[in-house]
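Reader: Please present the structure, and then let us discuss its helices and its sheet in turn.

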Amino acid sequence: MSPVGVSVAEAERLRELRGRTLWQLLSQTTERDPEHEAIVAWDDDREESRVTYGEVLERARALSAGLVAAGVRAGDRVAVQMTNRPEFIFSYFAIARIGAVAVPINTRFAAGEVAYVLRDSRARYLITLDRFRSVDFHGMLDTIVSSWRSSQAGALHDSGAPELRTIVSLMRDGAGAELPAAALDLRALIGEDAGEEAIALATRVEHEVRPDDLAMIKYTSGSTGFPKGAMLEHGGLIADGLLHTERLELDSSDRWFGNPPLFHVAGSIWGLMSCVTRGATFVFGETFDPDVTLEMVQRERCTVIFGVPTVLRDIISHARQRDTDLSSVRLMGGGLDPSLAAAMREVIPSLTTTINGFGLTEAYGTSACPGPQDPPELQATTCGRLYPGIEHRVVDHASGNEVAPGVTGELWLRGLVTSGYWDDPENTAAVLDEDGWLHTGDLVSVDERRYLVYRGRIKTMLKIGGENVAVEEVERVILEHPKVQDGVVVGVPDERRDEVAYAYVLPEPDAIVEEQELVAWCSERLARFKVPERFVVVAEMPRIGSGKIDRVAVARVATAGSAG
């Protein structure tokens, strides 16, 4: 089919960017400079790890042979339930090398949600931690697959996860920790010789994996119902990494601090792929602490700080209160509004780029972002230009007709999108049409130069007295208030107006903000029907796995009449 909105040369280049496997990428990056630092990481106890690209390659190669010895074969789904640790990255590339499929599991999931992912993906293997803080992952397994401790590795059969056969565990306390006899030791698989037969088989399979093979099933972090497993290919993961790092003008000298979890595309594509595609250094912690982050960014001379808006606001807020040298940082963002972009430039004058990208899991994480070549006002008010080779349409949601440049409509994408949802033809058909267009459900406007402005989600449009209100528009205005750190707007049923808006607001540390103050602020900037019916000031917000506010949980509280 002919490309839409891009040149034939751009479409061909995108195909070329998709022409490698993840293992080929890691091998080629390592070959250029095996001694270059790939990872600087610290765990929850502040124990530090420094790993070169050569070491990542060797540990992942050893683990891949160990997984083959344990029975993993091409096409098998291997679930990974792990916090941000180097072992996650070793596992990721080891799984990819032997043609298996990684299934990252949100470490905040409850037992029922983990069981759903294991069953839905039909995972045969699970790589997990024993525990993290108050979360007992082994205890969670007792709930899901009660017979696992009494089974032999490779011979697990339990109705809780019918296809799961083997559990591999990383014990936080190291070799001295007591590993259940039914589980394999992840450290042993990385550090011990798997045997000539397994090593030879892993090497042979490595050369049979293709760029268009499935590399990951990423369960979207939706907060309504159970998540869907977006299928992502080797070449697509690499292409997105190359496209956004090209836009950001990154190279091997960059040191990328990334807070998002590796089970999320913001960590496994933005972050991991941002670094490996360019041979840069990935700096991250197992958990987020704003003061530790500032200390490490200063010490490691990081050039990039990447995170969700809540994290970015915390970093900026704490940076105002302490003397930290952030002069090495030239790019910062992940998702932001104009007020946050302005605050970042005020606190970190060395910034050349504030990153406000547009993306979704089904489009490999991101389809547009600004770069240092864009003026600051466009970096703050748009999501930058769509990447070369990515086709787009903006259509009227009701009629399906394409709208004029600059007019708001639903964004359709083609060229770098998921092949569908795992084992879910019904939901796949709902978002992917027969011509390959991904119907994103996002309201945007795109001008003649392909600059994209995000307007909101179709599903978060409120209908207030017959008027459509995009909650994101209202939220942007609220977030511009100098005393507001974060906020969310939800709809509450109303007999007279169908529904009304409630705003839940998290103030800046030590700030006091009153409801009437917020009403006046919004009334000066929004049409009256868009001003929330009520503002509720709260001390904390519920969040989903990506770190975003759990909009559904907030709406449930509001609807139940428990606003206070």
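Author: Glu196 is found in helix 8 (residues 196-206); helices (H or I, at least four residues) and strands (E, at least two) are DSSP runs, numbered from the N terminus. This is a predicted model, in which local features need pLDDT of at least 70 and side-chain atom pairs count only at pLDDT 80 or more, while totals for chains, interfaces and linings use all residues. Residues are numbered from 1 along each chain as its sequence is written, and side-chain values use heavy atoms, with hydrogens and water left out.

Reader: Is Glu196 buried or exposed?

Author: Buried means under 20% relative accessible area, exposed over 50%, and partly exposed in between (1.4 Å probe, protein chains only). Glu196 has a relative accessibility of 74%, so the residue counts as exposed.

Reader: What distance separates the C-alpha atoms of Glu196 and Ala69?

Author: Along the chain, Glu196 and Ala69 are 127 residues apart. Their C-alpha atoms are separated by 9.9 Å.

Reader: Which residues does Glu87 touch, not counting residues up to four places away in sequence?

Author: Glu87 belongs to helix 4 (residues 86-97) and is buried, with a relative accessible area of 12%. Contact means heavy atoms within 4.5 Å. With residues up to four places away in sequence not counted, Glu87 touches Met82, Leu170, Leu186 and Ile190.

Reader: In what order do the seven strands of the open sheet stand?

Author: Two strands pair if DSSP finds at least two bridges between them. The pairing in this open sheet is mixed, and the order of its seven strands is 2-1-13-12-14-15-16.

Reader: Why is one side of strand 2 and of strand 16 left without a neighbour in the sheet?

Author: Strand 2 (48-52) and strand 16 (353-355) stand at the edges. One side of each is left without a neighbour in the sheet because each has a single partner strand.

Reader: Which residue of strand 15 stands opposite Val304?

Author: Strand 14 (residues 304-306) and strand 15 (residues 331-333) pair in the parallel sense over three bridges. Opposite Val304 stands Leu331.

Reader: How is helix 12 oriented relative to helix 13?

Author: Axes are lines fitted to C-alpha atoms, for helices over the stretch in contact, and angles run from 0 to 180 degrees between N-to-C directions. The axes of helix 12 (residues 290-300) and helix 13 (residues 309-320) come within 9 Å and cross at roughly 75°. Angles under 35 degrees count as roughly parallel, over 145 as roughly antiparallel, 65 to 115 as roughly perpendicular and the rest as oblique. Helix 12 is therefore, relative to helix 13, roughly perpendicular.
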